[in-house]
Amino acid sequence: MLSQSDLWLLGALARDRDVVIYGAATRVAMLSTMSLPFANMVMPQLISRMYAKNDLAHLERLLRAVATLSTIPALTILTI
């Protein structure tokens, strides 16, 4: 209920069409950022382990891959 309080408030003050557009936009924005928490849970341990081993080449490849993979959902939604 509280997570949709913005929709309730907008519904009271705006036209239905505007509320629908806003609701769809917020859901799309949530979908585009869903991969970030997963990366943020796993990456710190991997980064510290690779840095401690001075495995910087592998660390760079990993960081580039994670950055690319976490961008794909946003780009996919952007093209819709």
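What radius of gyration does the protein chain have, and what would a compact globule of 80 residues have? The protein chain has 19 Å, whereas a compact globule of 80 residues would have a radius of gyration near 12 Å; the radius is taken over C-alpha atoms, and the globule rule is 2.2 Å times the number of residues to the power 0.38.

This is a predicted model, in which local features need pLDDT of at least 70 and side-chain atom pairs count only at pLDDT 80 or more, while totals for chains, interfaces and linings use all residues. Residues are numbered from 1 along each chain as its sequence is written, and side-chain values use heavy atoms, with hydrogens and water left out.

Figure 1. Read along the sequence, the pattern is α-α-α-α, where helices (H or I, at least four residues) and strands (E, at least two) are DSSP runs, numbered from the N terminus. Along its principal axes the C-alpha trace spans about 60 × 30 × 10 Å. Of the 80 residues, 14% count as buried; buried means under 20% relative accessible area, exposed over 50%, and partly exposed in between, with a 1.4 Å probe and protein chains only. Among contacts (heavy atoms within 4.5 Å) with a separation of 6 or more, 33% come from residues 24 or more positions apart.

**Figure 2. The surface and the charges of the protein chain.** The chain exposes about 6600 Å², of which carbon and sulfur atoms supply 70%; accessible areas come from the Shrake-Rupley method with a 1.4 Å probe, and for residues only the protein chains shown count as cover. The mean positions of the 7 positive and 5 negative charges are 8 Å apart. In this count Lys and Arg are positive and Asp and Glu negative, with His and the chain ends not counted, and the place of a charge is NZ of Lys, CZ of Arg, CG of Asp or CD of Glu.

**Figure 3. Ser70 in helix 4 (residues 56–78).** Ser70 counts as buried because its relative accessibility is 17%. A polar atom of the Ser70 side chain lies 3.1 Å from the backbone oxygen of Ala67; a polar contact is a pair of N or O atoms within 3.5 Å, where within protein one must be able to donate a hydrogen and the other to accept it, and residues adjacent in sequence count only if both atoms are side-chain atoms. Leaving aside residues up to four places away in sequence, Ser70 touches Ser35 and Leu36.

**Figure 4. Met34, in the loop between helix 2 (16–32) and helix 3 (35–52).** With a relative accessible area of 47%, Met34 is partly exposed. Although Met34 and Ser70 are 36 residues apart in sequence, their C-alpha atoms are 8.7 Å apart in space.

**Figure 5. Asn54, in the loop between helix 3 and helix 4.** The phi angle of Asn54 is near 60°, a positive value in a residue other than glycine. Asn54 has a relative accessible area of 56% and is therefore exposed.

**Figure 6. Arg17 in helix 2 and Arg64 in helix 4.** Arg17 counts as exposed at 59% relative accessibility, and Arg64 is exposed with a relative accessible area of 55%. From C-alpha to C-alpha, Arg17 and His58 are 50 Å apart in space and 41 residues apart in sequence. The C-alpha atoms of Arg64 and Gly23, 41 residues apart along the chain, are separated by 33 Å.
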